[in-house]
Amino acid sequence: MNAATYARYELLRTFRNRRFFLFAWGFPVVLFFLIAGPNRNEHDFASSGLDAPLYYMVALSAFGTMNAVLSTGARIAGERSVGWNRQLRLTPLSPRSYFRVKVLTAYLTAATTMALLFAAGAALGVSIPAGSWLEMTGLILVGLIPFAGLGILMGHLLTPDSIGPAMGGTTALLAFLGGVWYPITGGVMHTIAQALPSYWLVQAGHVGVGGHAWGRTGWLVVAAWSIGAALVAARAYRRDTQRV
Amino acid sequence: MQTDQTQAGVRLDDLHKTYDSPAGPVQAVRGVSVAIAPGETVALLGPNGAGKSTTVDMLLGLSRPDRGQVTLFGLSPADAIAAGKIGAMLQTGAVIRDLKVRELVTMMASLYPAPLPVDEVLSLARVEPLADRRTEKLSGGETQRVRFAVALVSNPDLLVLDEPTVGMDVETRHSFWLTVRDFAARGKTVLFATHYLDEADAYADRAVLMAQGVVVADASTTEIKAMVGSRTIRATLPDVPAEMLERLPGVSRVDRRGDAIVLACTDSDAAIRALLAEQPDVRDIEINGAGLEEAFLHLTADPADEPKEVAR
């Protein structure tokens, strides 16, 4: 078995789907200029401690990558609905390799989205040390693990008809409560937000000004979501051998 | 009886499967045992709900039998699949999009230990003209042929086809079966489920008939036809009780359909002479060689052992 060949074609299929990329790339970038553009000279934006362009660059990276990774689920649901999942079970491809390739594809999509957003941020004057760019990228990639698990879970539980609304709703809620549209800095909302993985994606921006992005709470929340999502996703995959 | 493991092709031993449905448990398969020798082509026949697809799923390891065992070339389904010995075209399905046909076949080939060369697969499944076509632009019949190519790519010893010709027109069906025959000629074992009886008649060495979760007949198609009489006599003959006709020589079974009668015969020559002598009013007489269809209806209507109570 040659996993590299399999992965190469899986990537090729993903990157060939132009409509997917129009939305995965286009939306976050356009939204970034629409929201951050008018506030480009705001320092300590809404007492978040960050300049508005930096805040929104990371917030919309979080939004875009979250979408990119979750949409793996939509692709799985599509493959299931045509019986492809069952076909793959008749090959020596192990579930582990199947998910590895799916997650790899999701991450590469997310990475391209992030690169575009960082370029857009630089265009609006975001200027931070090279090390901070890297650290920020790393934190976002780690923070995406729960979303990969959620995407796989939804892909195996839902049909292509229901996955659209389910995913749209999930992203909208997680993005709002995570502070993608406006910083959440106090009150009950803040307490709720801190329990969500999307909040910590947005917080990754703090490394840009030399701060600590996550701290112990952040790492704990991200780790808990990662483990939980991976477990339920694996369970959903195992149960899902029936015809649909 | 234990066959020598190296000689064993497909062995299904006393398979049982019960599903939970909203209306209570459904016994989909109730003790199916079938042995298929390497190189044999076997048709699995039966009406909807007979348990064909459930049996195929258990054979392929996609569902676990409640009781009983599946052995494929001496291996469990999972091991046989890991070794690339099994190729299957499942009942429902399309192919994934955003790839060209050749790319899809190459991608699938990369998963197996000893696949056939991609060009050979494309030629075997007669999809070379489609090689550079995107999978989302294929017609229904073309998709089936590409799925067939995917089933062949591992160079499997056993090819399982679950109603492969659904959605194909007559001409495509014919050419499809010729490709299956080409592959079987390489010494491969083929098991196909179908509800087109002519396909079983024309392309299988043997037919296994299922009804209500049990095997009701397992024999060559010729033998199965013989089981219900070799010919049928149809005629218009009102007002004569069926019991009277059953006593005629050479008649094995009588069906009354309104004014018409259908006599299944073991000796149609004797039967027609006696019928004309006893019933001079008989008209519109037709004598036909019994098709597999008659055999099929007859055998699946009264299964050899009556079904046990099935909760529905």
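Two residues are in contact if their C-beta atoms, placed from the backbone, lie within 7 Å. The model shown in every view is predicted.

**Figure 1**
Leaving aside neighbours within four places in sequence, A:Ala74 contacts A:Gly155, A:Ile163 and A:Met167. A:Gly164 is 90 residues away from A:Ala74 in sequence. In space, the two C-alpha atoms are 7.5 Å apart. A:Ala74 counts as partly exposed because 19 other C-beta atoms lie within 10 Å. A buried residue needs 20 or more.

**Figure 2. Helix α11 of chain A and its cover.**
Helix α11(A) runs from residue 215 to residue 239 and has 25 residues. From first C-alpha to last, α11(A) reaches 37 Å. That is close to the 36 Å expected at 1.5 Å a residue. Its buried residues are A:Gly218, A:Val222, A:Trp225, A:Ala229 and A:Ala233. An α-helix has 3.6 residues a turn, so residues three or four places apart point the same way. The cover over the buried residues of α11(A) includes α6 (130-143), α7 (145-157) and α10 (197-203) of chain A.

**Figure 3. Overview of chain B, with eleven helices and 13 strands.**
The C-alpha trace of chain B spans about 70 × 45 × 40 Å along its principal axes. Chain B has 312 residues, and 46% of them are buried. Take the contacts in chain B with a separation of 6 or more: residues 24 or more positions apart account for 70% of them.

**Figure 4. The three-stranded open sheet of chain B.**
The strand order is β2-β1-β4 (chain B), and the pairing is antiparallel. Strands β2 (24-36) and β4 (67-72) of chain B are the edges, each pairing on one side only. Neighbouring strands of this sheet are turned by 25° against each other on average, direction ignored. Strand β1(B), residues 10-21, is joined to β2(B) by ten bridges. One bridge pairs B:Leu15 with B:Val32 of β2(B). Another pairs B:Ser21 with B:Gly24 of β2(B). A hairpin of two residues links β1(B) to β2(B). On the other pairing, β1(B) and β4(B) run antiparallel over five bridges. There, B:Arg11 has B:Thr71 of β4(B) as its bridge partner. Helix α1(B), residues 52-59, lies across β1, β2 and β4 of chain B. The helix runs at about 120° to β1(B).

**Figure 5. The six-stranded open sheet of chain B.**
Here the order is β5-β6-β7-β3-β8-β9 (chain B), with mixed pairing. The edges are β5 and β9 (214-219) of chain B, and each pairs on one side only. The twist averages 15° from one strand to the next. Strands β6 (158-162) and β7 (189-194) of chain B pair in the parallel sense over five bridges. Within that pairing, B:Leu159 is bridged to B:Val190 of β7(B). Helix α5(B), residues 140-152, packs on the sheet and touches β5 and β6 of chain B. Its direction makes about 165° with that of β5(B).

**Figure 6. Nonpolar cores.**
In soluble globular proteins, nonpolar side chains tend to be buried together. The largest nonpolar core has 81 residues. The members that touch the most others are B:Leu45, B:Val105, B:Ala149, B:Val160, B:Leu209 and B:Met210. Not counting residues up to four places away in sequence, B:Ala149 touches B:Val105, B:Val121, B:Leu122, B:Ala125 and B:Val127. A second, separate core has 57 residues. Among them are A:Ala120, A:Leu150, A:Leu153 and A:Ala204.

**Figure 7. Contact between chain B and chain A.**
Here 24 residues of chain B are in contact with 21 residues of chain A. On the chain B side, α2 (77-82), β5 (86-89) and α3 (101-109) each supply at least two residues. Helix α3(B) gives the most, with four residues. By class, this side of chain B has 16 nonpolar, six polar and two charged residues.

Terms used: Residues are numbered from 1 along each chain as its sequence is written. Chains are lettered from A and ligands numbered from 1 in the order in which they are written. This is a predicted model: local features need pLDDT of at least 70, side-chain atom pairs count only at pLDDT 80 or more; totals for chains, interfaces and linings use all residues. Two strands pair if DSSP finds at least two bridges between them. Axes are lines fitted to C-alpha atoms, for helices over the stretch in contact, and angles run from 0 to 180 degrees between N-to-C directions. A nonpolar core is a set of buried Ala, Val, Leu, Ile, Met, Phe, Trp, Tyr and Cys residues joined through C-beta atoms within 7 Å. A residue is buried if 20 or more other C-beta atoms lie within 10 Å of its own, exposed if 12 or fewer, and partly exposed in between; C-beta atoms are placed from the backbone. Ala, Val, Leu, Ile, Met, Phe, Trp, Tyr, Cys and Pro count as nonpolar, Asp, Glu, Lys and Arg as charged, and the others, Gly among them, as polar. The expected span of a helix is 1.5 Å times one less than its number of residues.
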